[in-house]
Amino acid sequence: MAALMALTALGIDSMLPALPAIGHSLNVITANERQFVITAFLIGFGVAQLVHGPLADRFGRKPVLGIALAAYVVANVVAAFSGSFVLLLIARFVGGTAIAASRVVTVALVRDCYSGRAMARVMSLAFIVFMAAPIIAPAFGMAVLQFGNWRLIFWGIAGVSAVILIWFWIRMPETQHVEDRQPLSAGLLLSGMRLALTDRWSIGYTLASTCLLGGLYGYINSIQQILADTFHRPTLLVPVFAITAGTMAVANLLNSRIVVSVGTRRISHTALIALIALAAVHLVVTLSGFETLWTFAILQALLMGCFGLATSNFGAMAMENMGHIAGTASSVQGFITVTGGALIGALIGQSFDGTTVPLYVGFFVAGSIAILIVAVAERGRLFRSA
């Protein structure tokens, strides 16, 4: 599960060191336009989840994910051969649509076997390895650029994806019972979507996750320019990004150890409030003119730790009442969170003005909206023990 989920992070984060080289090679005029290499992937990743979920409920988890992984390999090969920025963006979009199956089907696989706090624990354990990808991926991209051009990064992703496809096909059993498979019926699909969109926990935690992912994607879109243009230290992209991803991994490890005894709501709601406070502090530091690379790295790392504690539990709580339509529910929730988060992140990224102000305004506003949504979903009871 972790390896499958890590392919998404590898497809996003290994691009970061290569964005200037891609822009120069394909005649991209402005630095902000280079961010579309990330955004195109994320939009494809979000939109396609509406397709993979129903297919996984109809044909089973294993064949849907297997075909999608094969398509992901092909998309990265096309990206490696791209001679224009438009073709590269098309390949990135297609790659995002293919690897979207990894998010939908892995959540459905885990939900087939676990629920509630146990599901949150398993997802946290998977996220520990998943979070290692953002630590390794930029270093992978940087290392490739030392020995060749940016096209080799796509060849590397294709190769890793092919290995994981073979491993998955040999080792992973089908977790959906044949009697639970649902026909591809418009009526059943709409019924499942309606349930996912009307259950207050499902839609509430989905929308809250969307807000937080918007902040994360804004950070991913902006981080290369922040290190290069704001702090004039582009060579520190890999260690700074690794530090922030590392705190997310630690947060997920901590969550896996305490979630069963403490509870998903107490952990995630406390983390969300702390995230809002940290974003406000960081914004004040920036506006006061006291921001340095050290303050940026430390405050961002703490904020990412809070992000990890919140979102790993939000996903489990959103799926609490969705067991019988896990694939469809996961696809609807994934479509909303990733597509909405990608659009919010693109807005934050395109607002980059040479400072970190747009990023932390985005985090503060997104977190504030998320806590209001959670309060409505929980009817004001933010710290109940369940």
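These legends accompany an overview and several close-up views of a predicted model.

**Figure 1. Overview of a chain with 16 helices and zero strands.**
The C-alpha trace spans about 55 × 45 × 35 Å along its principal axes. A compact globule of 386 residues would have a radius of gyration near 21 Å, and the value of 20 Å for this protein chain agrees with that. Buried residues account for 58% of the 386 residues. Of the contacts with a separation of 6 or more, 87% join residues 24 or more positions apart. The protein chain exposes about 14900 Å², and carbon and sulfur atoms supply 72% of that area. There are 21 positive and 13 negative charges, and their mean positions lie 6 Å apart.

**Figure 2. The aromatic pair of Phe-81 and Trp-155.**
The structure holds nine aromatic pairs. In the pair shown here, the ring centres of Phe-81 and Trp-155 are 5.4 Å apart. Their planes meet at 85 degrees, so the pair is edge-to-face; the cut-off for that class is over 60 degrees. Phe-81 belongs to helix H5 (residues 61-81), and Trp-155 belongs to helix H9 (residues 151-171). The pair thus links distant parts of the chain, 74 residues apart. Phe-81 counts as exposed because its relative accessibility is 59%. Trp-155 has 38% relative accessibility and counts as partly exposed.

**Figure 3. The aromatic pair of Tyr-205 and Phe-314.**
This pair is tilted, with 50 degrees between the planes. Centre to centre, the rings are 5.1 Å apart. Tyr-205 sits in helix H11 (residues 200-230) and Phe-314 in helix H14 (residues 293-318), so the pair ties together parts 109 residues apart in sequence. Tyr-205 is buried, with a relative accessible area of 0%. Phe-314 is buried too, and its relative accessible area is 0%.

**Figure 4. An aromatic cluster.**
Four residues make up one cluster: Phe-231, Phe-296, Tyr-360 and Phe-363.

Phe-335 counts as partly exposed, at 26% relative accessibility; the buried class would need a value under 20%. Phe-335 and Val-47 are 288 residues apart in sequence. In space, their C-alpha atoms are 5.5 Å apart. Leaving aside neighbours within four places in sequence, Phe-335 contacts Gly-46, Val-47, Gln-49, Leu-50 and Gly-340.

**Figure 5. Asn-27, a residue with positive phi.**
Asn-27 is not a glycine, yet its phi is about 60 degrees. Asn-27 is placed in the loop between helix H2 (19-25) and helix H3 (36-47). With 67% relative accessibility, Asn-27 counts as exposed.

**Figure 6. His-232, a residue other than glycine with positive phi.**
The phi of His-232 is near 55 degrees. His-232 lies in the loop between H11 and helix H12 (237-262). Its relative accessibility is 59%, so His-232 counts as exposed.

Methods. Residues numbered from 1 in each chain as written. Predicted model: local features only at pLDDT ≥ 70, side-chain atom pairs only at ≥ 80, totals over all residues. Heavy atoms only, no water. Helix = DSSP H or I, 4+ residues; strand = E, 2+ residues; numbered from the N terminus. Rg over C-alpha atoms; globule rule 2.2 N^0.38 Å. Buried < 20%, exposed > 50% of the residue type's maximum accessible area, 1.4 Å probe, protein only. Contact = heavy atoms within 4.5 Å. Areas by Shrake-Rupley, 256 points an atom, 1.4 Å probe, with all protein chains shown as cover. Lys, Arg positive; Asp, Glu negative; His and termini not counted. Charge placed at Lys NZ, Arg CZ, Asp CG, Glu CD. Phe/Tyr/Trp six-rings, centres within 6.5 Å; stacked < 30°, edge-to-face > 60°.
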